[in-house]
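Work through the exercises below with the sequence and the model at hand. Each task is followed by a worked solution.

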Amino acid sequence: MLRDKATHLMLLLGEHPDHIERMAARLKELSKYLVSGLINDLPPRELNQIEDLYQDCDTNTLFYLQSGTIQVESNDRVVFYYEEGDLVGLQNTLDIPSPKLSSPDPVTVIAINKEIFADHVSNKPHWAQYLLILSTFFKDAYSRLAQIHSIPQTGFLTFKAGDLIIKEGDESAEVYTMLSGHADVMVKSKKVGDIYSEEIFGAMAAFTNSPRSASVVASEECHVLAVPKDQFVNLIQYHPKTCVSLIESMARKIKSMNEMITA
């Protein structure tokens with residue numbers, strides 16, 4: 001269930017603990033067992049892109065993911081991924097706060113009515129085991145997420161398309177350099193600019209000790225270098241080329257803002 005995504009928004013960085021891998025594998029086995037005999041005659045649905053799965057789907061429906069991945073977002077952070085063979089949306093079918101389910105890539109799912117599913121699994125001995133493992137998995141997952149919230153994310157980072165690199169309104173402590181890729185600059189969900197390869201961003205908020213004035217969202221896979229503000233100051237003192245790049249980047253942003261104002 002959990003994919004090893006090299007991204008600072010990912011729940012588990014690096015290798016997953018053995019017990020997480022075992023739980024994920026067991027959940028996949030149990031999912032396949034629980035839907036056996038139920039989905040044989042149900043047609044698969046191909047979805048090109050998902051902004052929010054349950055925004056357009058009935059909450060009386062859950063899904064068996066045949067192919068692709070679906071990311072689970074909580075508080076604008078991707079906490080884990082559903083992948084092929086997983087049951088998706090069990091929490092969303094309940095009358096409780098639920099995470100957002102999305103995918104920038106095509107996926108294939110089979111929709112299952114939750115009442116029919118409940119009847120189908122009610123007498124299956126593995127249903128209770130599935131729920132127990134799922135509960136343990138979520139508890140472990142979200143506790144790990146809570147642990148990394150307070151850890152400054154620095155170093156070389158990778159973001160997938162749709163990932164949030166910088167969130168508008170967040171406190172600023174790092175300056176970023178786009179090593180490769182492209183990202184959109186968003187203010188109140190409206191695109192106001194672009195960030196390209198070798199461009200420095202996030203510096204103004206860090207230098208002024210003010211909250212981030214815009215969000216930065218990866219539009220394709222991005223490789224980014226994040227450097228704490230004090231280290232970045234030292235960097236530009238001894239590397240004039242970096243300082244020139246920063247000035248050019250800020251000049252482009254000021255020009256873009258002027259064009260938007262006068263348009």
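Helices (H or I, at least four residues) and strands (E, at least two) are DSSP runs, numbered from the N terminus. This is a predicted model, in which local features need pLDDT of at least 70 and side-chain atom pairs count only at pLDDT 80 or more, while totals for chains, interfaces and linings use all residues. Residues are numbered from 1 along each chain as its sequence is written, and side-chain values use heavy atoms, with hydrogens and water left out.

**Exercise 1. Describe the cover and the pairing of strand 3.**

Solution. Count the buried residues of strand 3 (residues 70-74): five of its five. Now look for a partner; two strands pair if DSSP finds at least two bridges between them. Strand 3 pairs with strand 6 (residues 100-102) in the antiparallel sense, over three bridges. Within strand 6, S102 is the bridge partner of Q71.

**Exercise 2. Which residues touch the most other members of the largest nonpolar core?**

Solution. A nonpolar core is a set of buried Ala, Val, Leu, Ile, Met, Phe, Trp, Tyr and Cys residues joined through side-chain atoms within 4.5 Å. The largest one has 37 residues, and L53, I70, Y82 and F117 touch the most other members. Another core lies apart from it, with 16 residues, including L157, F159, M178 and A183.

**Exercise 3. Classify the aromatic pairs.**

Solution. A pair of aromatic rings is described by the distance of the centres and the angle of the planes. Rings of Phe, Tyr and Trp (its six-membered ring) pair if their centres lie within 6.5 Å; planes under 30 degrees apart count as stacked, over 60 as edge-to-face and the rest as tilted. The structure holds four such pairs. Take F117 and W127: the centres are 5.4 Å apart and the planes stand at 80°, so this pair is edge-to-face. The pair links distant parts of the chain, F117 in helix 3 (residues 114-121) and W127 in helix 4 (residues 126-148), 10 residues apart. Both F117 and W127 are buried. Then take Y176 and F201: with 5.4 Å centre to centre and 15° between the planes, they are stacked. Y176 is in strand 10 (residues 174-180) and F201 in strand 13 (residues 200-201), 25 residues apart. Y176 and F201 are buried. Last, look for clusters: ring pairs link F117, W127 and Y130 into one.

**Exercise 4. Trace the salt bridges.**

Solution. A salt bridge is a side-chain nitrogen of Lys or Arg within 4 Å of a carboxyl oxygen of Asp or Glu. The whole structure has six. One joins K28 and D86, whose closest N and O atoms are 3.7 Å apart. K28 is in helix 1 (residues 18-35), and D86 in the loop between strand 4 (77-82) and strand 5 (87-88), 58 residues apart. Another salt bridge joins D184 and K191, with the closest N and O atoms 3.1 Å apart. D184 is buried at 18%, whereas K191 is partly exposed at 43%. Finally, follow shared partners: salt bridges join K28, E83 and D86 into one network.

Terms used. Buried means under 20% relative accessible area, exposed over 50%, partly exposed in between (1.4 Å probe, protein chains only).
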